[in-house]
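This report looks at aromatic ring pairs and their surroundings in a protein model. A pair of aromatic rings is described by the distance of the centres and the angle of the planes.

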Amino acid sequence: MEKKPVLIILSFFAVYVFWGSTYLWNKMAVTELPPFMLASIRFSTASAIIFVIAVLSGKKLTITKKQFLNTVLAGFLFLAYGNGVFVWALKYVDSGFASLLASLQPLVLLLMMRFVQRKSLKIKSIIGVLLGLFGMYLLVSQKDLQMQEDSWIGILMIMSCIISWSAGSLFVAKADTPSNFFMTTGYQMLSAGVILAIGSWAFDESWSEPLSWQLNTQIAIVCLILFGSIAAFTAFNYLLKVVSTEKVATSSYVNPIIALLLGWYFLNESITVQSMIAAAIMLTGVYFINSRKVR
């Protein structure tokens, strides 16, 4: 597949900035809405918009049976479990802390590549991951970082989501999926929306009308659908096919920095000197992983 530098840069911007913003948007919405209902509405609506745009632009919606099954599995690993359970975890930990835990993903991904796919690790990748983890430790170890009651439940949930997301990244990188990344995103989100709706029913969540939601919740949902779902996830699927998987995973280091900045701007949260130092170290880790030469 031909690599287009401008498209790659824009795609990285989407997965870095838009996904970094989803921690704030999800936290805003989950304070009012049940987590599985929230995620189901987000992905179902996003998939509907994608399919409408596809039809209006003359694209065919048909895919092979194998591609459909692959997108269903990817939708479960990435969105139904990887994101749906993550949103649930936000009931137990704050969004900034959750984003910090999510930065463990490159380490989990590289370990899976080493022990599952039997791939050797390049020295720059190892250095980059270690720098990222050290930066994360500096952030987490701050005394003024307060966790909510029963936070261990949220931490365990998030760790399982990281494993699910990493497995999905390795799977999609090699799987037979629709050549159109926009359509791949649509089918993954459609399947995730259905799975999450079933999960919402199983957990007896109470659904409500969008017009009855608070304004902040409505704004958060719109941002999650347009930017966090359609734009960012389409970019993510594209990057998995044109750059190395561990480079895509560097979003887990940048997203917490975006989340902290948004928390400071919108929620008047303080950013300490230690946070700034940690952010600089994490970005250095991103540089080392992204500068790794692929043979």
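The model is predicted, so to speak of local features requires pLDDT of at least 70 and side-chain atom pairs count only at pLDDT 80 or more, while totals for chains, interfaces and linings use all residues. Residues are numbered from 1 along each chain as its sequence is written, and side-chain values use heavy atoms, with hydrogens and water left out.

A search of the whole structure gives 21 aromatic pairs, where rings of Phe, Tyr and Trp (its six-membered ring) pair if their centres lie within 6.5 Å, and planes under 30 degrees apart count as stacked, over 60 as edge-to-face and the rest as tilted. Two of these pairs are set out here.

| Pair | Centre distance | Plane angle | Class |
|---|---|---|---|
| Phe78 and Phe236 | 5.1 Å | 85° | edge-to-face |
| Trp165 and Phe233 | 6.1 Å | 75° | edge-to-face |

Phe78 in helix 3 (residues 65–81) and Phe236 in helix 10 (residues 215–242) are 158 residues apart, and their pair links distant parts of the chain; helices here are DSSP runs (H or I, at least four residues), numbered from the N terminus. Trp165 in helix 8 (residues 151–174) is likewise paired with a residue of helix 10, Phe233, 68 residues apart.

Phe78 is buried at 0% relative accessibility and Phe236 at 2%, where buried means under 20% relative accessible area (1.4 Å probe, protein chains only). Both Trp165 and Phe233 are buried too, and ring pairs link Trp19, Phe78, Trp165, Phe233 and Phe236 into a cluster.

Methods
Helices (H or I, at least four residues) and strands (E, at least two) are DSSP runs, numbered from the N terminus. Buried means under 20% relative accessible area, exposed over 50%, partly exposed in between (1.4 Å probe, protein chains only).
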